[in-house]
Amino acid sequence: MGLVLLIIIWLITFASTYFFIAKTWWLPAGASAAAAGIDHHFTTTFILMGIVFVAAQVSLGALVWIYRDRGPSSSKVTYSHGNTKLEIVWTLLTTILFVGLNLMSSSIWASERFRPAEVDAVRVEVTGMQFAWYFRYPGPDGKFGATNPDLEDASAGGEAALGLDTKDGASKDDVVTGTMVVPVNREIEVILRAHDVIHSFFIPTMRFKQDAVPGLAIHMHFTPIQTGDYEILCAELCGLGHYKMHGMLKVVSQEEFDKWLAAREAEKQ
Amino acid sequence: MATHEFAAQESHAHAAPQGFVRKWVFSLDHKVIGLQYYFLALAAVLVGMFLSLLMRIHLIWPTLALPLLGDIKPETYLTLVTMHGTIMVFFVLTTAPQGGFGNYFLPIQIGAPDMAFPVLNMLSFWTTLLGFIVMIAAFFVAGGAPLHGWTGYAPLSAMQSTGPGEGLGADLWIISIAIFCIGALMGALNFITTTLDMRAKGMTMMRLPLTVWAWFVTAILGLLAFGVLLSAGILLLMDRNLGTSFFVPLVTINGQLTGHKGGSPLLWQHLFWFFGHPEVYIAILPAMGMCSQLLSVFSRKPIFGYKAMVYAILGIGFLGFMVWGHHMFMSGMSPYTAFAFSIMTMGIGVPSAIKTFNWLGTLMRGRIRFTSPMLFAIGFVSLFVSGGISGPFLAQPVLDIQLHDTYFVPAHFHLIMGVASIFGIFAATYYWFPKMFGRMMSESMARWHFWFSFIGTYAIFMPMHYLGMAGMPRRYSQLTEVTYLHGLIPLQKFITYAAFVTIAGQLIFLVNLFWSMFKGKQASDNPWEATTLEWTTATPPPHDNFGGHTPVVHNGPYEYNVPGAPRDYVMQSDPEIGPAH
């Protein structure tokens, strides 16, 4: 029985580890400035935790086999209540490992989340509602116009879904879209809102996830560094259509972005 | 102190009941109440497992209509998710290890005739059962059971108009949890008082079996955590039915104003997770205690580092209340607090690692007997390591950005709080069944059950880590809407097939359980040659546990292979083995 246990535990351990190392299924390729740092730390954590995982499982398998009851030929059981020195050693080692890992990742977290977006960041307001994302650009005046819950018409989509108050001067040049278009290599400031329940704005390739919470306007930022189309998902259970609350992020060159935004402005006039 | 303890026991003694109803239904006997909790949990786990099976089927065959149920609609899928999680967490993982085995064996292991408050004990069970009935009723009311997930995040859970199932079904869901909390609070008081006041002469705190330590600390966690959840539940009910706005700001549903304003959705999350994280330890601590116990018994060796194990249980319990914010890194909570919650969470890895080292240390230089309880205890260690190792990924906010709300999270918590705890329950069942029913369970069926469960668990939950890293969100009823998820569907298929096999393996357990009750081999009083007090008494134990006498304890709980002793174990009630040990 001891040998079977050893074989099964080792097999499970090595098979599981193989798929991590072979990266058969892995993080989607990163396309934001923060992705490299996050992925690097992911790998560091993976290597350290992987060593602990393999060491613990391999020891478990080996110990149950070596110290199995072999009847009269068993070696003598060591009567021992433990070893204080060893306890202290492994307490210290694990403390160093866990706190060390934490400190390493804290600087990345701080650089992402402890500072506001740069002043020249491209600002996009993202609003989640059952079950769609809407994106609003402030237009040439740089100001988002007022919205009014009384004016909301969800079925009409676009501006009406957001309840944009067209009487407000600042709202005249606001552009509302169902696809998020941003220029590459510029910091994007995202202002997250939700109308009804909590949603979560998740762009896996940007290593970006943040809940959109009704009653809050949450300011976040990220910098896409590669042009392309990227899928946007909702990551917080928001109701029966949660699975199809899907959007697209198009990262384009600055020129294309300017052209696109100008065209939307022109449509509005 | 000793005389006082003895007096406490005398004053709590009660006569053996006559008649079926007082003996088996409204029983005051902790052993009967323990069995009642156990079978309640067994009923609940069958429901919970059936729901998970439906989820797995729907995920890979989304258009398949099921017998009786018809088409699974997206909202039906979310109902399955919600009820599976709620039933498993409350009525299985909290109920079986603590209410079931804790009730049955804590008094016997400390040498007491019953719990400190037998009437309160009976009330705890009947309250819990009422909670379960109300929870099941949610399936059958108009609109059906709620879809807001076991975490019940407001505002989704706070208004009827947010989706199907959010009407009466959601009210019943909250009421059921509130009732459960009341039962759990009564139980916790009883466990704490019993452990502190009812110990037999000589049963000092540092001679308590680690199972008792685990039940004791679990009860303290329950006392502190369930009160908060109960209050939060009442506030949520008020938001839903009395027009208050504790958790709901000004929101519109489908463009319509709801009349709420000024509340905070994050407040619910804080209150919920202040309960929810300690709840993880409420589920796993008793399993840790059982695992420690069994590794020592079946390695025929004292537990490695008893004191360190006690301090680790206390450390985990204490830190468990400091880390709730790690569920909320992406919630809009201040990013500065994330730093603090993260470091505390990583800190909880330290006592967890100590326990793992000590379990391995216990096996080392032992003489391991591969009995069925031991197999599950070894399986527990393996699962505890595998489930624990993904913790430091989720505990670091930068990595949680990618992993939060993906399959990585269910992979993590199913391994550690779900299946590892269930392995604890299985181990305890195989171990204590002879004491409870006077018969042995079939070892060969138990072995088959172990291999199905152990390999099956890994086949189900290890691939979920890969899905999570690849960015598959959890709680999606269909995987076809997002293009990059298409490539991951084969892995989902594999998981469903693995679930079929694993669930089939559980039938072996059910057969073994009921078959052995009537047909199992007669058990002796101490079939495992173990040392704790439950093995000193008759099988099954008499109404007052020790047949009229109160045991006196002279030794620690894990004295195996003591040099010079006549046999390879020294019972706690045997004459003292001397200061040298």
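Which residues have the most contacts inside the largest nonpolar core? They are Ile284(B), Cys291(B), Leu294(B), Phe380(B), Ala420(B), Phe423(B) and Ala427(B), in a core of 257 residues. A nonpolar core here is a set of buried Ala, Val, Leu, Ile, Met, Phe, Trp, Tyr and Cys residues joined through C-beta atoms within 7 Å, and a residue is buried if 20 or more other C-beta atoms, placed from the backbone, lie within 10 Å of its own.

This is a predicted model, in which local features need pLDDT of at least 70 and side-chain atom pairs count only at pLDDT 80 or more, while totals for chains, interfaces and linings use all residues. Residues are numbered from 1 along each chain as its sequence is written, and chains are lettered from A and ligands numbered from 1 in the order in which they are written.

Chain A has a secondary structure of 5 helices and 10 strands, where helices (H or I, at least four residues) and strands (E, at least two) are DSSP runs numbered from the N terminus. Its radius of gyration, taken over C-alpha atoms, is 27 Å, well over the 18 Å that the globule rule (2.2 Å times the number of residues to the power 0.38) gives for 269 residues, so chain A is more spread out than a compact globule. The C-alpha trace of chain A spans about 95 × 35 × 35 Å along its principal axes, and buried residues make up 40% of the chain's 269 residues.

The domain assignment, which is automatic or from a database, divides chain A into domain 1 (2–68 + 84–113) and domain 2 (122–268). Their centres, taken over C-alpha atoms, are separated by 38 Å. Where the two domains of chain A meet, 9 residues of domain 1 are in contact with 12 residues of domain 2, a contact being two residues whose C-beta atoms, placed from the backbone, lie within 7 Å. The domain 1 side of this meeting divides into 7 nonpolar, 2 polar and no charged residues, with Ala, Val, Leu, Ile, Met, Phe, Trp, Tyr, Cys and Pro counted as nonpolar, Asp, Glu, Lys and Arg as charged, and the others, Gly among them, as polar.

Between the chains, the contact takes 84 residues from chain A and 92 residues from chain B. On the side of chain A that touches chain B, α3(A) gives the most, with 14 residues, and that side divides into 45 nonpolar, 26 polar and 13 charged residues.

Conventions:
Buried ≥ 20, exposed ≤ 12 C-beta atoms within 10 Å, placed from the backbone.
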